[in-house]
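User: I would like to go through the labels attached to this model and hear, for each of them, the value and the cut-off behind it. Please take the residues and elements in turn.

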Amino acid sequence: YRSYHVEELHMSKPEVMSEWAVRHGIARERWDTAYSSAIVTSKVEQAAQLTRTYGIEGTPSLVINGHYLTSGNMAGTIEQLVPLLDRLVRLARSQPISQPGTR
């Protein structure tokens, strides 16, 4: 967070991420191997698809049980987010299980 927002690092560039990791004590080879691994690539693609599916526009955004999307902006404030999440979790638990996106 700090590196992106305060130091204004371009964290979408692999070489910038690799340098960041090294500065924080991670071996470059280990970072580069993990960063370019099939599992990480798959997880990033999955996250991008879910972001599009749910229409997520910012962070923090949370999806409860695959059905309820909320965020600090939707809740009003970050302080109001936790009580809203509690209500949505109770609601999700009280309803029958269905496929995500079908409610």
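User: Why is R28 called partly exposed?

Analyst: R28 has a relative accessible area of 35%, and the scheme calls a residue buried under 20% relative accessible area, exposed over 50%, and partly exposed in between (1.4 Å probe, protein chains only); R28 therefore counts as partly exposed. This is a predicted model, in which local features need pLDDT of at least 70 and side-chain atom pairs count only at pLDDT 80 or more, while totals for chains, interfaces and linings use all residues. Residues are numbered from 1 along each chain as its sequence is written, and side-chain values use heavy atoms, with hydrogens and water left out.

User: What makes the pair of E19 and R28 a salt bridge?

Analyst: A salt bridge is defined as a side-chain nitrogen of Lys or Arg within 4 Å of a carboxyl oxygen of Asp or Glu, and for E19 and R28 the closest N and O atoms are 2.8 Å apart, so the pair meets that definition. E19, for its part, has 39% relative accessibility and therefore counts as partly exposed.

User: How many salt bridges does the structure hold, and which residue pairs with R23?

Analyst: The structure holds 2 salt bridges, and R23 forms one with E7, the closest N and O atoms being 3.6 Å apart. Because R23 lies in helix α2 and E7 in the loop between α1 (2–5) and α2, this pair ties together parts that are 16 residues apart in sequence. R23, at 49% relative accessibility, counts as partly exposed, and E7 is given that label at 39%.

User: Why is α2 called oblique to α3?

Analyst: The axes of helix α2 (residues 14–23) and helix α3 (residues 28–35) come within 9 Å and cross at roughly 140 degrees. Angles under 35 degrees count as roughly parallel, over 145 as roughly antiparallel, 65 to 115 as roughly perpendicular and the rest as oblique, so α2 is oblique to α3. The axes are lines fitted to C-alpha atoms, for helices over the stretch in contact, with angles running from 0 to 180 degrees between N-to-C directions, and the helices themselves are DSSP runs (H or I, at least four residues; strands are E, at least two), numbered from the N terminus.

User: Which residues make the contact of α2 with α3, and how do they divide?

Analyst: With contact meaning heavy atoms within 4.5 Å, α2 contributes P14, M17, S18, E19, A21 and V22, and α3 contributes R28, W31, D32 and Y35. These residues divide into 6 nonpolar, 1 polar and 3 charged, where Ala, Val, Leu, Ile, Met, Phe, Trp, Tyr, Cys and Pro count as nonpolar, Asp, Glu, Lys and Arg as charged, and the others, Gly among them, as polar.

User: How do you know whether T70 is buried or exposed?

Analyst: T70, whose place is in strand β2 (residues 68–71), has a relative accessible area of 2% and is therefore buried. Leaving aside its neighbours within four places in sequence, T70 is in contact with several residues, including P60, I64, L81 and L88.
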